[in-house]
Amino acid sequence: MQALSRKLTCRSMAIMVTLALASTPTAAYAGGKGRGHRESQSSGSSNGQNVAAEVRVSGVQTTVNGGSGNGKTRSLTPSDSNWTPPACWYEPTISPKELKETIETLEKDKGVFGMGGFGQMFAGLFKTIYQTDKYDDYNMAKQGKGMFWGAVINPARKDDPAAMSCDRLPFWVDDNKTPDVPLAVSPKILAEYAYDELPIPSTDFSMSPDGKQTVNLSTWIWADQARFKPVSVTASLPHTSLSATTTATPVSLKLEPGTGEATMHPASGECPINADGSIGAPYTDAKKKDTPPCGLTYLRSSAKAGSYPLKATITWKISWKSSTGEGGDLPTGTFGKTTNVTVQEIQSVNR
């Protein structure tokens, strides 16, 4: 029974906040440029005993600073499997005037045959809390001096069960005050949110030989210069001074040959990122007898296996700093790509 009551409270809260956002566009703001740009898509309706509502975005605005070249981008996989960016948090969502108007709108829900609908039931619950019990007339005397903070869901993690962990009813916060509430929006939460928005370039690279590889013949691997350079995303909350910039810096390319029968170059299998954002060095005929700075040498053909899954993974170091001077590191992130490589048994070949 207690669990059911909890779910009802959460659901009714989502309905109330959604109706407010739908009717008062100033209650939430989404904007910016780049990959993080999202339009506000809140909606709500009341029809008899059916109340439909949906909350899709928060007011956080993200802006990509710099870039990693053209083409598709991917999200990072945190190296710490126990860490994920926040699925929900609390932020300023509705003013006293907007809250009062929303509840008054719910009161007008007459239901079926004038016997009252869900809207009236919710309105009665919220009026007790915000008009006479915990607050005096919805805090109308403080209009323009603060906001009610409510729960919002990270759009990228709306299906995560943790998104339901922000189940507090909206609470009052004066302007320029930070509430002592777990998951209240903070510079670090903004930085962690920006982690999901980092536009990481796909791990594409060139190989020589191009196509089938040959036993005992070195495979050169490289990526064009300027492809892997630092990229950052700034997450900010409009109408506040809160913002945080999260930066991803490429560190190395790790090669995994897909078989134990291979020699890595370098021996660790990790190729450093060059100062110009490139990896390794392109093969030329003049380097025929050289050892590649980044690559590998297969020692056995793939005849039995058909092919070897060559995996290339870029490691990115993640750091953040905020408008308040706070900062630090977030879990290292990776993004990899696997290419099936066929290795033939020929001892001598012309490139």
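## A charge over a ring

Arg-168 has its charged end over the ring of Phe-171, 4.8 Å from the centre. For a charge to sit over a ring, NZ of Lys or CZ of Arg has to be within 6 Å of the ring centre and within 35 degrees of the ring normal.

Some ground rules before going on. This is a predicted model, where local features need pLDDT of at least 70 and side-chain atom pairs count only at pLDDT 80 or more, while totals for chains, interfaces and linings use all residues. Residues are numbered from 1 along each chain as its sequence is written, and side-chain values use heavy atoms, with hydrogens and water left out.

## Aromatic pairs

A pair of aromatic rings is described by the distance of the centres and the angle of the planes. Here, rings of Phe, Tyr and Trp (its six-membered ring) pair if their centres lie within 6.5 Å; planes under 30 degrees apart are stacked, over 60 edge-to-face, and the rest tilted. By that rule the structure holds eleven aromatic pairs. Take Trp-89 and Tyr-193: their ring centres are 5.3 Å apart and the planes sit at 65°, so this pair is edge-to-face. It links distant parts of the chain, with Trp-89 in strand β6 and Tyr-193 in helix α4 (residues 187-197), 104 residues apart. Helices (H or I, at least four residues) and strands (E, at least two) are DSSP runs, numbered from the N terminus. Trp-89 is buried at 0% relative accessibility, and Tyr-193 is buried too, at 3%. The cut-offs, with a 1.4 Å probe and protein chains only, are under 20% relative accessible area for buried, over 50% for exposed, and partly exposed in between.

Tyr-298 and Tyr-308 make a stacked pair, since their ring centres are 5.4 Å apart and their planes are at 20°. Tyr-298 belongs to strand β17 (residues 295-298) and Tyr-308 to strand β18, so the pair ties together parts ten residues apart in sequence. Both of these tyrosines are buried. Elsewhere, Phe-126, Tyr-130, Tyr-135, Phe-148 and Trp-172 form one aromatic cluster.

Strands count as paired if DSSP finds at least two bridges between them. β6 and β7 (residues 146-153) have six, in the antiparallel sense, and Tyr-90 stands opposite Ala-151 in β7.

The largest nonpolar core has 69 residues, and Ile-221, Leu-253 and Ile-279 have the most contacts inside it. Strand β18 (residues 308-322) gives the most to this core, with seven residues. A core of this kind is a set of buried Ala, Val, Leu, Ile, Met, Phe, Trp, Tyr and Cys residues joined through side-chain atoms within 4.5 Å.

Ile-221 sits in strand β12 (residues 219-222), pointing the same way as Thr-219, while Trp-220 and Trp-222 point the other way; all are buried. β12 runs antiparallel to strand β10 (residues 206-208), with three bridges, and Ile-221 is the bridge partner of Met-207. Two bridges join β12 to β17, also antiparallel, and Thr-219 partners Leu-296 there. Beyond neighbours within four places in sequence, Ile-221 has contacts (heavy atoms within 4.5 Å) that include Phe-205, Leu-253, Ile-279, Cys-294 and Leu-310.

Glu-256 lies in strand β14 (residues 243-256) and is partly exposed, at 34% relative accessible area. Its C-alpha is 5.1 Å from that of Lys-311, 55 residues away along the chain. Not counting residues up to four places away in sequence, Glu-256 touches Pro-309, Leu-310, Lys-311 and Thr-313.

Asn-340, in strand β19 (residues 327-341), is exposed at 58% relative accessibility. Leaving aside neighbours within four places in sequence, Asn-340 is in contact with Ser-307, Tyr-308 and Pro-309. Gly-258 is 82 residues from Asn-340 in sequence and 8.9 Å away in space, C-alpha to C-alpha.
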